[in-house]
Amino acid sequence: MALDVVFCDNKWITPLPGSSEITTGLPDPATDWRQMKPTNNRVKSVSALAVALGLSIATASAETARIFWKDLRPPTQPAAESVGLPMIAAKIPDRGETLSLNLQDKAVQLAGYALPVDREGDLVYQFLLVPWTGACSHMPTPPPNQIVLVTPAHPYRMSEAYQPVSVTGALKPGMEKSQLFILDGASVIQSGYAVRKAEVVDVDVVPDTITQPANSPWSFLNKKKN
């Protein structure tokens with residue numbers, strides 16, 4: 001009578017002949033365990049599970065859309081007031097409060113610069129994602145539709161302000177105010193979007209950042225992008 005033999009938790013499990021009970025223990029030394037092959041059903045089950053997992057991962061990747069800062073503002077809103085000068089909310093007709101509702105609750109990936117809002121040492125629990133270095137501190141505050149309030153899924157270790165990062169998570173449009181402590185004192189910053197439980201990773205380059213012109217008093221900030 002052929003018996004199925006299964007290896008589980010470093011033990012062999014063998015049903016007793018004529019019984020539904022099983023005994024556990026090491027295999028008989030005379031048994032050539034290399035000849036013991038799983039049944040076809042077991043192979044099919046494992047293969048089906050592997051395929052299902054593969055499809056799940058592929059689907060998850062396909063559903064995450066990589067976006068850029070221009071996707072968060074109306075198509076008619078300019079990227080800058082002049083060459084190298086970031087947008088200033090006060091000079092935009094709607095003050096940058098028009099949001100993109102097409103991205104609501106969609107999983108997105110966006111690269112930018114992290115400016116800590118809630119931190120303890122080098123661990124950051126919440127930060128603002130902005131499209132250029134110096135924003136909100138050394139330079140004018142971006143419009144709300146160019147600021148994302150990010151809450152990492154796990155405390156994120158940040159070595160410096162304006163660290164370039166990529167954020168992945170569900171984007172939720174909605175105005176929120178955050179108190180930001182900067183060199184010039186405390187400021188209240190309004191963000192137009194939020195991403196909760198975000199996955200955050202370091203990146204070397206923010207693809208659509210605004211580079212300050214060579215004659216700009218803030219050109220020293222460009223080195224952080226290289």
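**Close-up views of a predicted model**

**View 1. The structure holds one aromatic pair.** This is a predicted model, in which local features need pLDDT of at least 70 and side-chain atom pairs count only at pLDDT 80 or more, while totals for chains, interfaces and linings use all residues. Residues are numbered from 1 along each chain as its sequence is written, and side-chain values use heavy atoms, with hydrogens and water left out. Phenylalanine 127 and tyrosine 156 make up the pair, which is tilted, at 6.4 Å centre to centre and 45° between the planes. Rings of Phe, Tyr and Trp (its six-membered ring) pair if their centres lie within 6.5 Å; planes under 30 degrees apart are stacked, over 60 edge-to-face, and the rest tilted. The pair links distant parts of the chain, 29 residues apart: phenylalanine 127 lies in strand β8 and tyrosine 156 in strand β10 (residues 156-157). Strands (E, at least two residues) are DSSP runs, numbered from the N terminus. Both phenylalanine 127 and tyrosine 156 are buried. Buried means under 20% relative accessible area, exposed over 50%, partly exposed in between (1.4 Å probe, protein chains only).

**View 2. The largest nonpolar core has 21 residues.** Such a core is a set of buried Ala, Val, Leu, Ile, Met, Phe, Trp, Tyr and Cys residues joined through side-chain atoms within 4.5 Å. Leu72, Phe127, Leu129, Val148 and Val167 have the most contacts inside this core. At least two of its residues come from each of β7 (107-120), β8 (123-130), β9 (148-152), β11 (163-182) and β12 (185-202). β12 gives the largest share, four residues. Apart from this core lies another, of 17 residues, including Tyr113, Val130, Ala135 and Tyr162.

**View 3. Valine 167 and its contacts.** Not counting residues up to four places away in sequence, valine 167 touches, among others, Leu110, Phe127, Leu129, Val150 and Val195. Contact means heavy atoms within 4.5 Å.

**View 4. Proline 164 sits in strand β11.** Proline 164 counts as buried because its relative accessibility is 11%. Beyond four places in sequence, proline 164 touches Gly112, Tyr113, Asp202, Val203 and Val206. Its C-alpha atom is 6.9 Å from that of valine 205, 41 residues apart along the chain.

**View 5. Confidence along the chain.** The protein chain averages a pLDDT of 74, and 57% of the residues score at least 70. The pLDDT is the predictor's confidence in each residue, from 0 to 100. Over residues 19-26 pLDDT stays under 50. Where pLDDT is low, the predicted coordinates should not be read in detail.
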